[in-house]
Amino acid sequence: MFAQIEKLGAATIQKFEEVGRLSVFLYRTVLGLVSRPFGFKELLKQIAFIGARSMPIILLSGLFTGMVLALQFYDVLARFGSVDLMGSAVSLSLIQELGPVMTALMLIARVGSSTCAEIAIMRNEQQFDALTCMAISPYRYVMAPRLLAAIISIPLLTAVFNLIGIFGGYVVGVFIKGLSGTAYMQTIIDTITWSDLRMSIVKSFIFAVIIIWISMGKGFFVHLEKGVSGAESVGRVTTKAVVASAITMLFADYIASSFLI
Amino acid sequence: MNRNFAESSVLIDVKNLNSGYGNRHVLHDINLSVNDGEILVIMGGSGSGKSTLLRNMLGLKKPSEGQILIDGMDLCHANKSELLKLRRSMGVAFQGGALLSSLSVGENIKLPLRQHTDLDENTINIMMRLKLELMNLAGYEDLMPSELSGGMLKRAGLARAVIMDPKILFFDEPSAGLDPVTSVELDQLILKLRKAMNMTIVVVTHELESAFTIADRIAVLFDGELVTTGTVGEIKTCTDERVVNLINRSPRDIQIDAEKYLSRLTKGAN
């Protein structure tokens with residue numbers, strides 16, 4: 001009994017330590033944003049990686065999400081004789097919730113995992129030690145450009161996801177279910193307000209910080225993983241980073257929604 | 001090979017250094033000095049504390065006790081700007097090169113110059129090519145680190161370490177994982193560097209041949225203790241059993257208490 005309580009206590013302390021460590025890591029990374037010289041070349045490279053190269057999966061997942069939503073809403077709205085409202089139902093669901101969340105989940109899978117693995121390998125190969133010895137801050141040179149690139153790219157990708165999702169809904173509603181295209185677009189224009197767009201932007205901004213922060217932080221502290229080293233430690237922290245990013249993102253989604261709705 | 005450093009000033013002074021990881025005490029009261037312009041080799045077997053000592057000397061790890069003075073400045077208590085100044089006067093070549101995998105060899109070597117100087121790109125390129133030439137790596141600047149062999153990675157790492165013409169060069173395990181010919185080439189390179197750039201060099205290694213070739217003085221570590229320091233001749237004639245065993249490559253006796261081992265194995269079964 002006491003042994004169990006002791007284990008639970010030790011695990012809790014360890015979690016608090018980790019949260020503290022990651023918070024200091026984020027603080028130093030944010031400081032890196034305002035330190036000079038800033039790595040603009042690295043920033044552009046990361047925008048290309050996080051933003052441009054994520055476009056195909058965002059386009060595909062956005063299209064299919066919008067199409068599925070339209071199918072689901074058509075079925076529900078038909079029961080109440082309100083299929084004309086499909087445009088507003090699809091667009092509101094996408095802009096307020098599914099757009100930011102689905103984009104974040106896709107980017108956790110694509111960007112979060114690879115960023116965590118890359119940073120962990122850099123740690124294992126002493127690349128951060130080398131930077132420190134060259135009097136170059138890893139926070140400024142490696143982390144800050146990635147954080148800024150995520151903050152710039154992820155809200156834009158979310159906007160693309162929303163647009164392509166609305167288009168997917170249009171394809172199903174107009175070409176498959178035979179609704180009026182003008183009515184579909186008009187209900188969207190009539191329903192969507194600035195506060196809906198604001199919610200999407202705020203959520204995607206928060207999710208961007210969470211994804212890149214946790215992925216980089218977990219990779220950066222790979223050497224503190226107990227009982228594993230080398231390739232195994234990289235695999236373990238990458239899995240942890242993906243799970244922790246997804247759960248933290250969904251928790252933040254609930255908090256953000258409760259304040260913004 | 002051996003120079004007279006009696007007149008030289010002490011550039012690195014390690015005083016009563018104690019260091020470890022958590023509850024594990026690795027280094028015990030290390031006192032060591034490195035003279036200006038000399039090549040000091042820190043030698044010892046695996047687990048002797050060489051790498052921990054190097055990490056402390058580089059300021060990558062805080063010691064639990066003691067002082068490390070570099071050019072008179074206390075590394076352990078230096079403020080941020082002092083630490084930056086110290087680091088700019090030091091070059092470090094890591095065991096595996098530690099080149100940034102996302103940059104080409106040339107970009108890696110140019111990185112310190114780009115970050116710390118206002119030199120124009122042409123000058124930076126010329127300096128990078130000069131250092132690559134010095135390391136016999138001319139023409140390799142556009143390759144990625146993943147395209148280089150182990151020996152080339154070490155030499156590229158060395159080129160980056162000396163690009164700012166540092167006063168002190170630290171080299172971690174130059175011969176580890178290399179074939180004998182490449183290993184000798186690296187030893188020659190270290191000697192060439194000292195001659196060309198008049199650097200103070202600290203090398204950490206477990207390779208005897210390499211240590212005897214390049215060292216002005218050798219410091220021998222054993223189980224976290226500094227056993228002795230001396231010239232190559234003094235180390236070769238040292239009578240301390242631990243040094244003799246290291247030189248003769250005599251393995252340590254591994255003591256197994258069979259009864260204790262069996263009782264530990266059967267403990268869970270009872």
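In which loop of chain A is Pro37(A) found? Pro37(A) sits in the loop between α1 (2-33) and α2 (40-50) of chain A. The peptide bond leading from Arg36(A) into Pro37(A) is cis, its omega being near -5 degrees. As background, most peptide bonds are trans.

The structure described here is a predicted model, in which local features need pLDDT of at least 70 and side-chain atom pairs count only at pLDDT 80 or more, while totals for chains, interfaces and linings use all residues. Residues are numbered from 1 along each chain as its sequence is written, and chains are lettered from A and ligands numbered from 1 in the order in which they are written.

Chain A is built from nine helices and zero strands; here helices (H or I, at least four residues) and strands (E, at least two) are DSSP runs, numbered from the N terminus. Its C-alpha atoms fill a box of roughly 65 × 55 × 30 Å along the principal axes. Of its 261 residues, 42% are buried. A residue is called buried if 20 or more other C-beta atoms lie within 10 Å of its own, exposed if 12 or fewer, and partly exposed in between, with C-beta atoms placed from the backbone. Among contacts in chain A with a separation of 6 or more, 87% come from residues 24 or more positions apart; two residues are in contact if their C-beta atoms, placed from the backbone, lie within 7 Å.

Helices α3 (residues 55-79) and α4 (residues 86-124) of chain A pack at an angle of about 145 degrees, with their axes 9 Å apart. These axes are lines fitted to C-alpha atoms, for helices over the stretch in contact, and angles run from 0 to 180 degrees between N-to-C directions. The contact residues include Leu69(A) and Phe73(A) of α3(A), along with Leu94(A) and Leu98(A) of α4(A). By type, the residues of this contact divide into 14 nonpolar, five polar and one charged. In this grouping Ala, Val, Leu, Ile, Met, Phe, Trp, Tyr, Cys and Pro count as nonpolar, Asp, Glu, Lys and Arg as charged, and the others, Gly among them, as polar.

Further along chain A, Leu224(A) lies in the loop between α8 (194-220) and α9 (230-260). Leu224(A) counts as exposed because it has 12 C-beta neighbours inside 10 Å. From C-alpha to C-alpha, Leu224(A) is 57 Å from Gly181(A), although 43 residues separate the two in sequence.

Where the two chains meet, 11 residues of chain A are in contact with 15 residues of chain B. The chain A side of this meeting comprises six nonpolar, three polar and two charged residues.

Ala98(B), in the loop between β6 (90-93) and α3 (105-116), has a positive phi of about 55 degrees although it is not a glycine. Ala98(B) is buried because it has 26 C-beta neighbours inside 10 Å. Asn136(B) has a positive phi near 60 degrees, and is partly exposed, with 13 other C-beta atoms within 10 Å.
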